[in-house]
Each structure stands twice: as C-alpha cells, then as structure tokens.
Amino acid sequence: IPCDRGGDSATPDFKGFTLLMPAVSVGNVGQLAIDLVISTLDMTKVGYFYTDCLVPMVGNNPYATAEENSTELSINAEVYSLPSKKLVVLQIRSPFIKNKYRPFCETLLSWVKSSKCARVVLLSSSHAYQRDDEQLLGTPLRYLLTPDLEKAVGGRMKELNWKEMEKVAAYPGISDTDKVLHIPGGGITKLLFTESCSEGIQMAVLLKFCSEGDNIPDAFVLVNYLNEWLQLIKSEVSTVQSKWKIPSSWRLLFGNGLPPALF
Amino acid sequence: MATFFGEVVVAPSRAGLDEEEEAREETPEDREIRKEIEKKRYRREIDVLWTWQAGGCAEEPLVCSRFIVAIGRNAAAFLSSFILDSVCWEVVGVVKLWNEWCRTSSTTNVLPTDSFCLFYRLISDPTVLLCQCSCYVAEDQQFQWLEKVFGSMQKKGLQVTILSTCPVADYKTQESTLTLVSPFLKALKTKEFQEEVCCPLLEQPNIVRDLPAA
C-alpha cells in the first residue's frame with residue numbers, strides 16, 4: 001500500500017516532530033478534535049496518504065475561510081504541518097475498508113519511523129456505555145503511554161492529575177484473570193498502541209468516553225485535554241472554549257434547513 | 001443501547017470498525033483459510049480487458065489526451081443518448097467484475113438495463129477515450145479499478161472529466177432541498193485544471209463518495 005507524499009517537491013522533514021492523529025472511533029471525536037486543531041492553528045497542508053485502505057471521498061477545502069481558499073480539493077487522509085510548533089497532523093476523513101485496517105496501521109507505523117517523528121499522539125474515544133461503576137464517576141478522559149514515552153512524560157501526566165486508562169479483566173466475572181487493555185469503540189486505537197509498545201515507538205493515547213450523537217462538545221473537551229499537555233494555544237481558565245476555531249465544514253452536520261411547508 | 005420499545009440493540013457506530021473484526025486475533029492459519037475462501041467465493045479481483053490485448057501484442061500504455069468517465073446509470077445514459085454512436089466511437093475495452101450488487105461480463109454487446117463498464121475510443125481522434133460505468137464498483141474494488149484503468153494509460157497531458165449524479169436529498173444546504181430547483185450541476189476540480197468550469201463549484205460541507213471520489 002503506497003503511502004505517498006504529494007505536495008511540494010522538497011519533502012518536508014518531520015524529524016523530532018510530534019505527530020498528532022485521530023482514530024476513527026465512536027462519535028468521531030478524535031477526528032473532530034483534529035479538525036479544531038488544524039483550523040485554529042491555520043495549518044498548511046503538506047501532503048496526503050495515497051492509500052487503498054480508506055473509503056474514497058473528495059470535497060472542497062473543509063477549512064475554507066473565504067472565497068479564495070475554498071476551492072482546494074481535500075481527500076480522505078491528509079497531512080498538515082506547523083513547523084514552528086514542531087507539529088505534524090494527519091487527518092482521516094473516512095472509515096476503513098473491510099479488512100484493511102491492519103495494513104493501514106502497519107504502513108502508518110513504518111511511515112512514522114521513516115519520517116523520524118519523535119512521538120505520536122493519538123486522539124480517540126471509547127463507548128461510554130461500557131464503563132464500569134468506577135469509571136462512571138469522575139473525569140471521562142483517559143490517557144495511555146507506551147513504555148518509552150512513559151519515561152519521558154509520565155511525570156507530567158501525574159502533575160496534571162490525569163487518569164490512566166484502566167485495564168479490565170480478560171474474562172469479566174471471573175476474579176483471577178489477567179487484566180487486558182480494552183477500548184471498545186476505539187477503532188484502531190488498541191492495535192496502534194500495542195504495536196507501538198512492541199516497536200518502541202513513543203505514543204500517547206488521549207481518549208474520552210462518549211456516545212454517538214452531537215459530539216462537538218466531546219471534541220472540545222478532548223482538544224482542551226490535549227492542550228493541557230501540549231499547550232498548542234494559550235488557555236485561560238474561563239474562556240478556553242471560545243479559543244478554538246470551528247471549521248466551515250462543520251456547517252449543516254445535522255441536515256439541511258427545513259421546508260417551510262412542514263409547519 | 002435501549003430503544004423506545006425497550007429492546008436492546010447494538011447501535012451502528014461511526015467508529016466504522018467491526019468489534020468482532022477487532023477482537024478476533026488471526027493466526028496465520030486463519031488468515032490463509034480466509035484468503036482462500038475469499039478468492040473462491042467472493043472474487044474481488046477486477047479485470048480490465050482491452051481489445052488489443054486479444055491479439056497478444058505487447059501492452060504499451062495507451063496514449064490518451066482526454067478521458068471522460070461516466071459513473072452511474074444516469075451519467076452512462078447521458079453519454080448513450082447524446083454522445084455515443086456506432087459511427088464515431090468504437091469499443092476498446094471492458095471491465096469484468098463481481099460484487100454483492102452487480103456482476104459485469106466481458107461482452108461488449110450490452111443493453112441499457114445491464115450493468116456494464118465499457119471503454120470507447122473516438123475513431124477520428126484515438127486519444128479521446130470514454131468510459132461508461134453503469135455498474136457499482138464496491139469500495140474495496142475502487143482502488144483496484146483506478147490502478148488498473150489508469151495503469152494502462154500514459155498520463156502526461158491527460159485531462160480527465162468525471163460525470164456522475166447524486167440524489168438531491170444528499171445535498172447539504174441552508175435551505176430545504178424541497179425548494180431547490182433541480183436538477184442542478186456542481187463541480188469539483190483540481191488545481192491543475194485551468195479551463196473554465198461550466199457550473200458553480202461544490203460548496204462545503206458537501207462531499208463526493210465512491211468511484212468518482214477515487
């Protein structure tokens with residue numbers, strides 16, 4: 001599966017950059033959060049993934065702000081960068097084609113290694129209805145770190161008072177079983193995380209428990225969570241929500257206007 | 001998730017990943033078996049057959065200056081009604097495929113109600129190619145279609161025009177689609193397309209899917 005880089009002839013160098021990407025997961029929260037990041041930081045598109053693993057789609061620039069920048073085509077997997085913050089972002093806009101998610105993960109991780117990204121931050125979500133009693137209380141946000149990244153930033157997570165994603169019993173109801181990582185509704189999150197652990201890739205997963213519905217508020221919560229750590233935008237305690245710029249493509253997420261004749 | 005009537009159903013999730021698919025750890029043996037079953041019963045390979053291949057001559061990339069692709073029954077019918085005729089156009093290729101929605105064959109003698117995917121060449125200018133694709137190309141076959149069709153072509157200086165239709169109900173706009181005057185045309189174009197487009201561009205947040213998108 002080719003993983004091309006279109007765009008300029010000079011291949012951008014991502015050495016030491018942080019790769020931020022979403023998992024296609026419940027409520028599409030990761031993807032919505034990424035949209036907010038790209039839109040707010042006004043990131044430049046530097047390339048795309050030419051892959052047969054995702055359902056094809058195409059449209060005009062989803063981050064258009066005016067007539068002039070609204071006619072650039074946009075497809076299902078594109079890469080944006082902001083060198084000043086050493087940030088590179090991958091946005092995924094369509095679901096995986098059946099049986100193709102594994103090849104995609106493999107190709108993605110080998111691209112991460114070859115482009116020498118320092119670390120990967122994966123934004124994701126998990127089914128809220130699968131929480132246990134303890135998880136129902138307190139914050140719906142969780143994090144995970146691969147062992148390599150744990151050494152580097154584990155301390156920061158403790159300072160921020162973040163909660164690590166709990167492992168669950170492999171066989172619920174039987175008390176002595178092994179504990180395993182279980183991320184229902186998380187799409188490729190678990191696979192990417194476990195592969196990164198075994199391949200020594202520094203990866204952090206940030207996820208929120210949520211349900212399908214209007215997931216825009218969930219996206220804001222997740223992106224603010226990310227911001228506590230990475231400080232992508234300045235956050236003042238009271239006005240944090242208004243600092244993120246909503247992209248123009250979020251219009252009409254829940255359908256068109258209604259015909260007047262209905263009333 | 002509990003529905004209004006009290007029964008519990010599994011809600012389809014936008015996560016798009018089958019829970020079963022994710023949980024099932026495949027052994028190499030399982031993978032082999034799955035591949036064999038898929039190959040035999042659900043053949044997802046598509047074959048692009050060009051008329052000159054039958055002669056057994058070496059496959060050179062087709063020199064093409066303009067390639068017009070009509071996807072879907074409506075677009076295909078448009079070409080049949082207004083463009084194609086047996087005097088100016090000759091059939092040069094066919095796509096043979098199978099999926100859950102349709103099957104095409106390698107015959108070039110088709111009825112308008114059949115599912116087919118045929119390629120025509122303008123006799124007076126053999127670099128002008130036309131494709132009528134009235135069959136549905138499944139999502140896992142779209143990339144393959146793309147690679148096999150465009151793989152046979154020399155792409156330098158090639159201009160591609162894709163004709164397709166979408167239901168008006170899918171069009172996202174501030175007003176209700178009930179009051180929209182339809183049918184109407186919208187376009188998407190790449191940066192490299194410098195000519196004038198004959199209709200307005202597709203506004204956000206509308207998108208195009210399937211083979212036209214691929």
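Predicted model: local features only at pLDDT ≥ 70, side-chain atom pairs only at ≥ 80, totals over all residues.
Q: Which strands of chain A mark the lowest and highest confidence?
A: Strand β9 (residues 168-169) of chain A is lowest, at a mean of 81. β1(A) is highest, at 95.

Q: Where in chain A does pLDDT stay under 50?
A: Over residues 6-10 of chain A. The model has 4 contacts for them beyond four places in sequence.

Q: How does chain B score, and what is its average pLDDT?
A: Chain B averages 78, with 79% of the residues scoring at least 70. Among its elements, helix α1 (residues 19-23) of chain B has the lowest mean pLDDT, 45. Strand β3 (residues 66-71) of chain B has the highest, 92. Over residues 18-24 of chain B the pLDDT is below 50, and that stretch has 13 contacts beyond near neighbours in sequence.

Q: What are the ipTM and pTM scores of the model?
A: The ipTM is 0.75 and the pTM is 0.83.

Q: Why are β2 and β8 of chain A said to stand at the edges of their sheet?
A: The open sheet has 7 strands, in the order β2-β5-β6-β1-β7-β11-β8 (chain A), with mixed pairing. β2 (44-48) and β8 of chain A each have a single partner strand, so one side of each is left without a neighbour in the sheet. On average, neighbouring strands of this sheet are turned by 25 degrees against each other, direction ignored.

Q: Why do β1(A) and β6(A) count as paired, and over how many bridges?
A: Pairing takes at least two bridges. Strand β1 (residues 18-22) of chain A and β6(A) have 3, in the parallel sense. They therefore meet the cut-off. A:Thr18 stands opposite A:Leu87 in β6(A).

Q: Which strands does α6(A) touch where it packs on the sheet?
A: α6(A) touches β1, β7, β8 and β11 of chain A. Its direction makes about 150 degrees with that of β11(A). α4(A) lies across β7, β8 and β11 of chain A, at about 140 degrees to β8(A).

Q: Where do α1(A) and α6(A) make contact, and at what angle do their axes cross?
A: The axes come within 8 Å and cross at roughly 65 degrees. The crossing is right-handed. On α1(A), the contact residues include A:Leu32, A:Leu36 and A:Val37. On α6(A), they include A:Phe220, A:Val223 and A:Leu226.

Q: What makes up the largest nonpolar core?
A: This core has 42 residues, and A:Val37, A:Leu206 and A:Trp229 have the most contacts inside it. Elements that each supply at least two residues include α1 (29-40), β7 (119-127) and α4 (147-159) of chain A. The largest share, 9 residues, comes from α6(A). Leaving aside neighbours within four places in sequence, A:Trp229 is in contact with residues including A:Val121, A:Val153 and A:Leu206. A second, separate core has 40 residues, among them A:Tyr101, A:Trp111, A:Met165 and A:Phe193.

Q: Why is B:Gln141 called buried?
A: Buried means under 20% relative accessible area. B:Gln141 has 0%, so the label applies. B:Gln141 lies in helix α4 (residues 139-151) of chain B. B:Gln141 and B:Phe82 are 59 residues apart in sequence and 29 Å apart in space, C-alpha to C-alpha.

Terms used. Residues numbered from 1 in each chain as written. Chains lettered and ligands numbered in written order. Heavy atoms only, no water. pLDDT = per-residue confidence, 0-100. Helix = DSSP H or I, 4+ residues; strand = E, 2+ residues; numbered from the N terminus. Contact = heavy atoms within 4.5 Å. Core = buried A, V, L, I, M, F, W, Y, C linked by side-chain atoms within 4.5 Å. Buried < 20%, exposed > 50% of the residue type's maximum accessible area, 1.4 Å probe, protein only. Axes fitted to C-alpha atoms, helices over the stretch in contact; angles between N-to-C directions. Left-handed = near helix turned anticlockwise from the far one by under 90°.
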